Amino acid sequence: MRIRPCREADLPALLDVFYRTVHTACAGDHTPAQLSAWAPETPDTARWAEKLRQETFLAAEGGGALLGFGALEGAYLDLLYVLPDCQGRGVGSALCGFLEHLCPESRITVHASRTARPFFEAQGYRLVRSQQVERRGVMLENFVLEKDLA
């Protein structure tokens, strides 16, 4: 496995990883309506392309394929998604570690789904609070977690 910066050409693969991960790995924790609101079948590619330009995106590659990706916006770990069949193999932990290393602050924050919360807690993040967020008119619960990096 190799961790590298994402390129604009990675956008279709990023969107595929995002969609497949949400609709497969998170299906046990969310309703179909929540999954579709979170990761619609037709993504807003312009919004994603803008995020790719503005945030620090890293990709995990293996066997010539994108296994997962993550994004950092300042001291906020904005995105971390790993293909369902690659979860539990250290891909997410590697991406998380690289992103934490790039964090410009001594504390990093993430908003984790129900599915992702145990992963982040195993990485040393602690719960700050739960919250309700709206995605395309549908409410989803997530968890604000933070980790001291000093």
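This is a predicted model: local features need pLDDT of at least 70, side-chain atom pairs count only at pLDDT 80 or more; totals for chains, interfaces and linings use all residues.
1. **Helix H1, dimensions.** H1 covers residues 11-25. It has 15 residues. From first C-alpha to last, H1 reaches 21 Å, close to the 21 Å expected at 1.5 Å a residue.

2. **Helix H1, buried side.** Which residues of H1 are buried? They are Leu11, Leu14, Leu15, Val17, Phe18, Thr21 and Val22. Viewed down the axis of H1, these buried residues fall within an arc of 160°, so they line one face of the helix. An α-helix has 3.6 residues a turn, so residues three or four places apart point the same way. The partners of the buried H1 residues are helix H2 (32-38), H3, strand E2 (56-62), strand E3 (65-73) and strand E4 (76-82).

3. **H1 against H3, geometry.** Helix H3 spans residues 45-54. The axes of H1 and H3 come within 11 Å. They cross at roughly 110°. H1 is therefore roughly perpendicular to H3, as angles of 65 to 115 degrees count as such.

4. **H1 against H3, contacts.** On the H1 side, the contact uses Leu11, Leu14, Leu15 and Phe18. On the H3 side, it uses Thr45, Trp48, Ala49 and Leu52. The residues of this contact divide into seven nonpolar, one polar and no charged.

5. Trp48, Ala49, Lys51 and Leu52 are buried in H3. Down the axis of H3, its buried residues fall within an arc of 160°, so they line one face of the helix. Note that Lys51 is listed among the buried residues. The face turned away from the buried side carries the exposed residues Ala46, Arg53 and Gln54. The buried residues of H3 pack against H1, E2, E3 and E4.

6. **Leu52.** This residue sits in helix H3. Its relative accessibility is 12%, so Leu52 counts as buried, the cut-off being under 20%. What does Leu52 touch, leaving aside neighbours within four places in sequence? Its contacts are Cys6, Arg7, Glu8, Leu11, Leu14 and Phe57. Leu11 and Leu14 belong to the H1 side of the helix contact described above. Ala27 is 25 residues from Leu52 along the chain, and the two C-alpha atoms are separated by 26 Å.

7. **Helix H4.** H4 runs over residues 91-102 and has twelve residues. It reaches 17 Å from its first C-alpha to its last, close to the 16 Å expected at 1.5 Å a residue. Its buried residues are Val91, Gly92, Ala94, Leu95, Cys96, Leu99 and Glu100. Glu100 is one of the buried residues here.

8. **Glu73.** Glu73 lies in strand E3. Is it buried or partly exposed? At 42% relative accessibility, Glu73 counts as partly exposed. Glu73 and Leu149 are 76 residues apart in sequence and 16 Å apart in space, C-alpha to C-alpha.

9. **Arg129.** Arg129 is in strand E6. With a relative accessible area of 43%, Arg129 is partly exposed. Apart from neighbours within four places in sequence, Arg129 is in contact with Asn142, Phe143 and Val144. Asp29 is 100 residues from Arg129 along the chain, with 18 Å between their C-alpha atoms.

10. **Arg136, backbone.** Arg136 occupies the loop between strand E6 (126-135) and strand E7 (138-148). Its phi is near 50°, a positive value in a residue other than glycine. Most residues other than glycine have a negative phi.

Definitions and conventions
Residues are numbered from 1 along each chain as its sequence is written. Side-chain values use heavy atoms; hydrogens and water are left out. Axes are lines fitted to C-alpha atoms, for helices over the stretch in contact, and angles run from 0 to 180 degrees between N-to-C directions. Helices (H or I, at least four residues) and strands (E, at least two) are DSSP runs, numbered from the N terminus. Angles under 35 degrees count as roughly parallel, over 145 as roughly antiparallel, 65 to 115 as roughly perpendicular and the rest as oblique. Contact means heavy atoms within 4.5 Å. Ala, Val, Leu, Ile, Met, Phe, Trp, Tyr, Cys and Pro count as nonpolar, Asp, Glu, Lys and Arg as charged, and the others, Gly among them, as polar. The expected span of a helix is 1.5 Å times one less than its number of residues. Buried means under 20% relative accessible area, exposed over 50%, partly exposed in between (1.4 Å probe, protein chains only). The arc is that of the directions from the helix axis to the C-beta atoms.
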